[in-house]
Amino acid sequence: MIDIQQILDMASEKNEHTNLELIQKAYVFAAASHQGQTRLSGEPYLSHPLAVAYTLAKMGFDEATIAAGLLHDTVEDTKASIEDIDEEFGEDVADIVDGVTKIDTIKFENKEEAQAENIRKMILAMSHDMRVLMVKLADRLHNMSTLDYQKSYKQQRISRETMDIYAPLANRLGLYIMKRDLEDLSFKYLQPDVYNQIVDWLDKHQVVEKNIIDKVVNLIRNLLQENNVQGKVYGRIKHKYSIYKKMQSQSLTLDEMHDIMAFRVLVKDIRDCYAVLGLVHSQWKPVHGRFKDYISMPKTNGYQSLHTTVIGPEAERIEIQIRTEEMHKQAEHGIAAHWLYKEKGRVNSKDLEQFSWLREIFERQGGESDSKEFIQSLKMDLFKDEVYVYTPAGDVKELPEGATPLDFAFQIHTKVGAHCSGAKINDRLMPLNTELKNGDMVEIITDPNRNPNRDWLSMVKTAKARSYIQRYLRTEERARAIRLGHELLEKEGRKLSLNCARALKDGHFVFVAQDLKYDSVDDLIASVGYGHITPRRVLNRLYGVLHPEESQPDAATQLPVKEGKETQPRKHEGVSLSGIDGVLMRFAQCCNPVPGDAIIGYISRGVGITVHRSDCPNVANMEIERLVSVTWDGEQEAPHAAGIFVIAKNEKGVLASISAAIAKYNVNITGLVMENCVDGRAKLRFKVEVLNAAELYRMIDEIRGMPSILEVIREREGDDV
């Protein structure tokens with residue numbers, strides 16, 4: 001357990017002018033506030049804020065940030081108030097604590113919505129004070145290091161959120177050490193078997209690897225001394241998640257991995273960086289395509305360094321990074337070093353010029369329809385590596401790996417993107433879905449009559465482009481839905497001798513909209529166009545408004561409406577829909593819902609309603625206006641398709657054992673795909689037919705209890721397996 005003296009020593013080591021009295025006072029306040037509280041590990045709760053504060057002190061933050069780290073849970077978990085913090089420690093500390101507290105205290109209807117909105121609020125807090133985010137990241141880091149004491153499902157959920165958002169965010173902010181630790185801790189819980197295999201392999205080979213590292217470090221040191229270059233040389237084994245990613249990308253086993261060592265050379269100035277690069281390349285053969293110059297073209301988070309991979313001693317591939325001491329400080333602490341003592345951590349316009357991606361997040365969040373959409377966009381911003389391309393004027397634009405000319409056009413300006421009709425890459429006309437490469441020169445051709453279409457969504461990789469296209473399509477589709485709604489109402493109205501245009505002009509539809517619980521007449525008419533509600537139901541209500549003495553048109557007035565075959569409800573589906581008449585229905589193949597699952601419907605014109613599981617990843621990307629409430633209608637006897645994903649030891653008889661377990665439940669197997677992995681595992685994907693979710697999960701539990709099984713889950717499209 002960290003103690004307060006370690007924090008004080010670290011803070012004064014990083015900055016001798018740190019106000020240690022404020023930190024000491026915050027410690028006393030936190031200790032008194034959390035007295036008697038314990039964590040799941042049994043440790044005093046105070047161990048957590050102490051660990052958070054130590055991380056912040058180690059990063060070199062000021063006394064206000066460290067004090068806020070000590071106090072960050074006092075308002076949420078004790079009787080202390082923000083007013084108490086303000087009175088005792090001043091506005092600066094209180095603002096940081098308040099920012100952290102507000103991220104976690106609002107309650108939501110479900111956990112997914114809460115996670116999405118909390119992350120959204122954390123990102124927005126950055127626009128006020130970067131230190132709020134730093135406290136939150138330090139808080140997450142310590143919580144991840146003590147995750148052993150949480151239940152398994154919580155370990156998975158928290159680790160997935162950390163891997164998806166917090167680690168990439170730390171990376172984009174240049175917090176390399178924090179990013180590395182968050183990735184390894186998440187990896188430990190998300191894929192424990194693979195993680196343990198890597199740990200065991202590294203333990204067995206640590207002596208050999210250490211000898212190679214020592215040898216290479218000495219060779220580089222001698223190379224510098226012989227050429228009168230002053231510098232420091234370090235070597236290390238890459239972190240575990242980095243090794244795993246390399247195994248996956250290159251389809252290698254652990255025994256086939258050779259370039260798991262990385263070396264760093266720190267020199268005085270930029271001239272020496274390039275001098276050392278020349279010396280290294282003269283000593284060892286460089287690997288083609290593995291040199292990157294982040295000094296002349298820094299990353300957006302300020303990172304600068306030279307990266308090269310060479311064939312070193314004993315024909316081993318070794319990665320070498322060369323940078324100055326100042327660049328190294330920036331690489332270790334990233335944005336934290338940049339804002340350390342600037343305007344008390346607050347972001348200003350000049351800073352945001354350097355971190356343009358951050359400015360775009362701040363600006364774009366207001367246009368996202370909900371928190372889940374914002375999170376999807378944020379993931380696009382955080383995950384990709386960068387490519388650098390040029391405008392015809394020679395300006396450099398940074399885009400994510402895999403970006404296309406459409407992304408480039410939206411990066412220039414949303415109007416350029418919206419009216420993009422073609423692109424020249426290196427003076428040649430190329431398709432809009434062409435992937436851009438480092439050094440490409442891109443020229444955009446525009447046409448004022450050209451507008452975004454749905455196909456563009458499959459071409460773009462940037463959140464900015466996707467967000468604009470989705471917003472445009474929503475607006476256009478709503479306008480089309482309103483036009484279609486008018487046409488349907490007019491057509492149906494003529495059958496009932498109702499003049500809808502006159503009723504609309506006279507304001508009668510206002511009462512119909514209110515009666516049917518719509519916010520406006522346009523919302524009501526758009527809902528008719530989307531197919532959410534039938535024209536006949538709306539006109540029956542309108543007739544009641546026009547003829548209050550009658551509840552609905554009489555038999556003479558109300559013409560019978562003959563339903564075609566395509567509008568008849570499919571009764572065997574066993575799903576009921578509230579307020580929707582005669583609609584085609586089918587089950588989504590991406591998530592294969594079965595009776596007992598929570599479900600939701602999505603309306604597509606010409607297709608009808610597609611029923612998804614509520615937790616289907618595809619639902620998050622759907623237009624909210626087209627989602628409808630659906631429920632299972634009683635007990636169903638018909639079989640439904642479902643998927644089971646199994647990771648097992650690749651042993652003799654394992655497939656027969658799993659098949660026997662499935663057959664025990666009288667379940668039919670309709671498909672099987674099996675993949676043998678290089679690490680001695682087998683991945684099996686079963687397609688089965690079950691009566692309901694309860695039967696499916698009983699079968700999964702049966703398989704999970706078998707000795708050869710490493711992991712078994714219900715499979716759906718988009719699962720990270």
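These notebook entries record what I looked up in a predicted model.

**Conventions.** I number residues from 1 along each chain as its sequence is written, and I work with heavy atoms for side-chain values, leaving out hydrogens and water. Because the model is predicted, local features need pLDDT of at least 70 and side-chain atom pairs count only at pLDDT 80 or more, while totals for chains, interfaces and linings use all residues.

**Helix 2.** I took helices (H or I, at least four residues) and strands (E, at least two) as DSSP runs numbered from the N terminus. I checked the length of helix 2, residues 20-33: its 14 residues should span 20 Å at 1.5 Å a residue, and the end C-alpha atoms are 20 Å apart, which agrees. The expected span is 1.5 Å times one less than the number of residues.

I then looked up burial (buried is under 20% relative accessible area, exposed over 50%, partly exposed in between, with a 1.4 Å probe and protein chains only). L22, I23, A26, F29, A30 and S33 of helix 2 are buried. They cover an arc of only 125° around the axis, which puts them on the same side of helix 2; the arc is taken from the directions from the helix axis to the C-beta atoms. E21 and A32 are exposed on the other side.

At the start of helix 2, I found a side-chain oxygen of N19 within 3.2 Å of the backbone nitrogen of E21.

**Helix pairs.** Two packed helices are described by the angle between their axes and the distance between the axes. I used axes fitted as lines to C-alpha atoms, for helices over the stretch in contact, with angles from 0 to 180 degrees between N-to-C directions.

Helix 3 (residues 47-58) packs on helix 9 (residues 130-145) at about 125°, with the axes 9 Å apart. I therefore noted helix 3 and helix 9 as oblique to each other (under 35 degrees is roughly parallel, over 145 roughly antiparallel, 65 to 115 roughly perpendicular, the rest oblique).

For helix 23 (residues 508-515) and helix 25 (residues 535-546), I noted axes that come within 9 Å and cross at roughly 120°. Helix 23 and helix 25 are therefore oblique to each other.

I located R323 in strand 6 (residues 317-324), where R323 counts as buried at 2% relative accessibility. Its side chain makes a polar contact of 2.8 Å with that of Q321 and one of 3.1 Å with that of H328. A polar contact is a pair of N or O atoms within 3.5 Å; within protein, one must be able to donate a hydrogen and the other to accept it, and residues adjacent in sequence count only if both atoms are side-chain atoms.

K329 lies in helix 15 (residues 325-338) and is partly exposed, with a relative accessible area of 47%.
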